[in-house]
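Have the viewer open as you read.

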Amino acid sequence: MKGTPDEVLKSIPDFDEFNKLAEEISALMLQKLSLEAKVKDGESNVFRVTSTDEKYFQGGKPPSVAYVENTYKYPGFDGGLMAIRNQLAQVTADLELKKLQMDVYKTMVDVWRTLSSNSRTASF
């Protein structure tokens, strides 16, 4: 991004692209929140089942919280939570990329604004 303010301005995305990026960020945030809720729901289900289903009892008692956290909480009973966690990781990475793109676009606008201001000041 070298040159005159007009050359810099040509490299900056137009406002439609800013709006599209904002919509993509919003959609990814919604996906992330939904996946986080699914993970929490799955985790709470693990604790509910392990504390009430005698199949998981040890010595006639429900397993300790530490045991449940170390054996069932992360993957779920059948590994189903792992798929959701993987989706959540991908959505989080995509969201962070889009946020970084928005930051770069904002920085490009700030650079253009500074160059434009400097060129107007130099012409006085």
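In which handedness of crossing does α2 pass α3? The crossing is right-handed, a label given when the near helix is turned clockwise from the far one by less than a right angle, with anticlockwise being left-handed. Before going further, a word on the ground rules: this is a predicted model, in which local features need pLDDT of at least 70 and side-chain atom pairs count only at pLDDT 80 or more, while totals for chains, interfaces and linings use all residues. Residues are numbered from 1 along each chain as its sequence is written, and side-chain values use heavy atoms, leaving out hydrogens and water.

Helix α3 covers residues 65–73, and it packs against α2 at an angle of about 125 degrees, with the axes 11 Å apart. Axes here are lines fitted to C-alpha atoms, for helices over the stretch in contact, and angles run from 0 to 180 degrees between N-to-C directions. The two helices are therefore oblique to each other; angles under 35 degrees would be roughly parallel, over 145 roughly antiparallel, and 65 to 115 roughly perpendicular, with the rest oblique. Helices themselves are DSSP runs (H or I, at least four residues), numbered from the N terminus.

Which residues make the contact (heavy atoms within 4.5 Å)? From α2 come Glu 43, Val 46, Phe 47 and Thr 50, and from α3 come Val 65, Val 68, Glu 69, Tyr 72 and Lys 73. By class, five of the contact residues are nonpolar, one is polar and three are charged, where Ala, Val, Leu, Ile, Met, Phe, Trp, Tyr, Cys and Pro count as nonpolar, Asp, Glu, Lys and Arg as charged, and the others, Gly among them, as polar.

Now for the salt bridges, of which the structure holds five; each is a side-chain nitrogen of Lys or Arg within 4 Å of a carboxyl oxygen of Asp or Glu. One of them joins Lys 98 and Glu 24, at 2.8 Å from N to O. Because Lys 98 sits in helix α4 (residues 80–122) and Glu 24 in helix α2 (residues 15–52), this pair ties together parts 74 residues apart in sequence. Lys 20 joins Glu 24 and Lys 98 in a network of salt bridges. Lys 98 is partly exposed at 21% relative accessibility, as is Glu 24 at 25% (buried means under 20% relative accessible area, exposed over 50%, partly exposed in between, with a 1.4 Å probe and protein chains only).

Within α4, Asp 110 and Arg 113 are three residues apart, about one helical turn, and their salt bridge spans 3.5 Å between the closest N and O atoms.

Technical notes. Contact = heavy atoms within 4.5 Å.
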